Amino acid sequence: MPDMRFAPPNPIRIADRSSGMNAVSVRSYNERLVLSLLLQNKGMSRMDIGKRTGLSAQTVSVIVRSLAQEGLVAKGEAQRGRMGPPTIPLSLNPEGAYAVGISLGHRQMDVVLIDFVGDVKFHTSMPLPSNDAISNHSELVETVRQAMASLPGQQNGPIAGVGLAIPEDRDELALGPDGMAERFETIRQEIETALAVEVYVQNDVTAAAGGESMFGAAKSLDNYLFFYLGARLHHRLVLNHQILQSPNQISSPIGLIELESRLQGKGLPSEELWIRGGQWPDFGDVRQIWINDCLAVLSNAVGSASQFLPVKTVIISSYAPKRVCDEIASALADMQPRIEVKVGGLAISPKALGAASLPFSSKFTVS
Amino acid sequence: MLKTVLCFGDSNTNGQEPGGTLMDRFGPAERWPGVLRRELGPDWYVLEEGLSGRTTVHNDPIEGDLKNGRAYLRPCLMSHAPIDLVILMLGTNDLKARFGQPASEVAMGIGCLIHDIKELAPGPMGEVPEILVVAPPPMLDDIGEWEGIFSGAQPKSHKLAHDFEVIADSLEVHFFDAGTVISSDPADGFHISRDAHEVLGVRLAQEINVIGWGG
């Protein structure tokens with residue numbers, strides 16, 4: 001029996017440093033712990049990381065060094081504090097990893113590419129393929145390919161994967177063309193086959209909430225109530241960082257689809273509602289009445305939930321114009337004075353950004 | 001609280017001048033442990049333990065058993081405990097032709113020293129101290145009359161940093177590659193100049209500071 005102390009060295013990570021290739025098969029729990037912390041906080045010193053994770057200074061040193069060599073973590077300029085020696089702030093390297101997110105809606109599909117800190121590097125919307133099209137999703141696959149190719153240079157290496165946000169709410173699915181759900185089911189396979197990337201699938205509203213937790217307004221929150229105002233109004237409860245989804249969950253019809261039908265009833269144009277990053281024209285009093293109806297539903301839900309749950313924060317996420325979201329949030333805060341109401345921080349397409357956060361959470365964080 | 005760092009190494013920790021004799025040694029403030037003393041300031045007590053010709057674990061058949069770093073390390077640690085940080089910077093002498101060692105075996109020797117430190121636990125309250133492995137800068141191709149003694153060592157010396165890092169990762173200790181900030185001096189091809197001592201001392205002080213010390 002050889003003395004195992006003197007067996008061949010077995011580094012924590014088996015990275016082939018000479019070629020710069022990332023040969024990590026399984027990322028260690030401690031590495032994920034450090035990356036999770038850096039996803040939440042910028043500019044931490046090694047000592048901060050040690051304190052927050054309970055890892056020894058030597059273990060933090062080894063992990064930080066290997067993450068830096070891999071390009072996932074970047075060292076900042078030395079900071080001289082008022083006391084003690086200067087520290088080196090550590091942050092995620094935005095260019096260290098990228099992910100593609102796809103959200104599938106009843107009218108359109110959104111594709112985004114984000115960097116490691118959640119900045120959107122590519123975004124496009126496209127209509128759902130028509131029902132009679134034989135090609136299933138060739139255009140979508142092509143767009144994902146474009147998104148990946150939009151990275152500077154030959155940076156396909158750091159693509160962590162593709163996230164897919166799929167609607168499951170029955171009423172939401174009913175808004176789309178027949179057979180939509182069935183078509184969605186095949187997308188994962190198609191992308192994996194065509195592009196040789198890993199695809200992670202999640203419920204769309206849950207993905208949007210996950211995106212808020214990772215990159216958006218819920219970064220520092222353990223508990224919150226999440227509303228997604230899309231075609232319909234959806235909600236999720238987040239407790240201790242876990243996004244809970246009830247099997248009996250139903251969405252409320254008071255969403256943009258309701259606003260659309262009211263606008264159409266008055267002969268007003270409604271196309272702008274569905275444009276990501278668009279600005280609504282003057283809808284007259286239809287807008288205010290609809291907002292009030294939304295608020296009634298939201299306030300009722302928040303009021304009931306806060307009777308049972310330790311929730312002090314509400315996040316409202318939507319691709320509706322920021323002005324509209326701010327207005328709803330501030331009115332809701334007036335109606336529920338004990339609750340803090342925040343507008344979601346994911347611009348353009350919250351579901352697609354949330355989808356893009358899936359490969360990151362799967363590969364780099366502790367669950 | 002005063003903290004103690006032990007600088008354990010060979011002639012480049014001793015401060016031997018490139019191309020000089022054993023008697024030619026940089027001054028206390030010039031050699032890197034002295035620079036470290038200046039940079040770290042009054043909170044640190046810097047101990048110099050650099051011996052010319054020191055190997056990691058080998059009894060040198062020519063220079064003598066006293067050059068064996070492993071044999072000396074434990075009594076040395078005991079003499080100076082409690083120690084907060086041990087810096088290990090050696091390995092070049094293991095590349096002498098008489099030992100016939102590849103770089104990976106030199107790294108195993110460093111690993112051996114790390115195990116001994118951990119086993120002895122000469123840190124405060126009998127804990128394991130922080131350990132910082134420093135890979136020496138690679139040798140230059142031209143080492144003049146030393147060629148016979150170090151025959152074949154130069155290419156191996158370029159591998160030390162990688163193999164030391166692997167062992168430092170495996171045993172979870174701090175690591176710094178001196179070759180990223182200094183080079184060996186052309187006067188003899190493997191000792192470091194006064195300027196290099198200055199740069200190394202400053203950089204190691206930064207490495208020590210970023211470890212973070214509770215107080």
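Trainee: Which residue stands opposite A:V238 in strand 10 of chain A?
Mentor: That's A:I243. Strand 9 (residues 233-239) and strand 10 of chain A pair in the antiparallel sense over three bridges. Strands here are DSSP runs of E, at least two residues, and helices are runs of H or I, at least four, numbered from the N terminus; two strands pair if DSSP finds at least two bridges between them.
Trainee: Before I go on, what kind of model is this?
Mentor: This is a predicted model, where local features need pLDDT of at least 70, side-chain atom pairs count only at pLDDT 80 or more, and totals for chains, interfaces and linings use all residues. Residues are numbered from 1 along each chain as its sequence is written, with chains lettered from A and ligands numbered from 1 in the order in which they are written.
Trainee: And what's the mean pLDDT of chain A?
Mentor: The mean is 87, and 90% of the residues of chain A reach 70 or more. pLDDT is the predictor's confidence in each residue, from 0 to 100.
Trainee: Where does pLDDT stay under 50?
Mentor: Over residues 14-25 of chain A. Where pLDDT is low, the predicted coordinates should not be read in detail.
Trainee: Back to the strands, what order do they take in the sheet?
Mentor: The order is 10-9-8-11-12 in chain A, an open sheet of five strands with mixed pairing. Strand 10 (242-244) and strand 12 (340-343) of chain A are the edge strands, each pairing on one side only.

Note on methods
Two residues are in contact if their C-beta atoms, placed from the backbone, lie within 7 Å.
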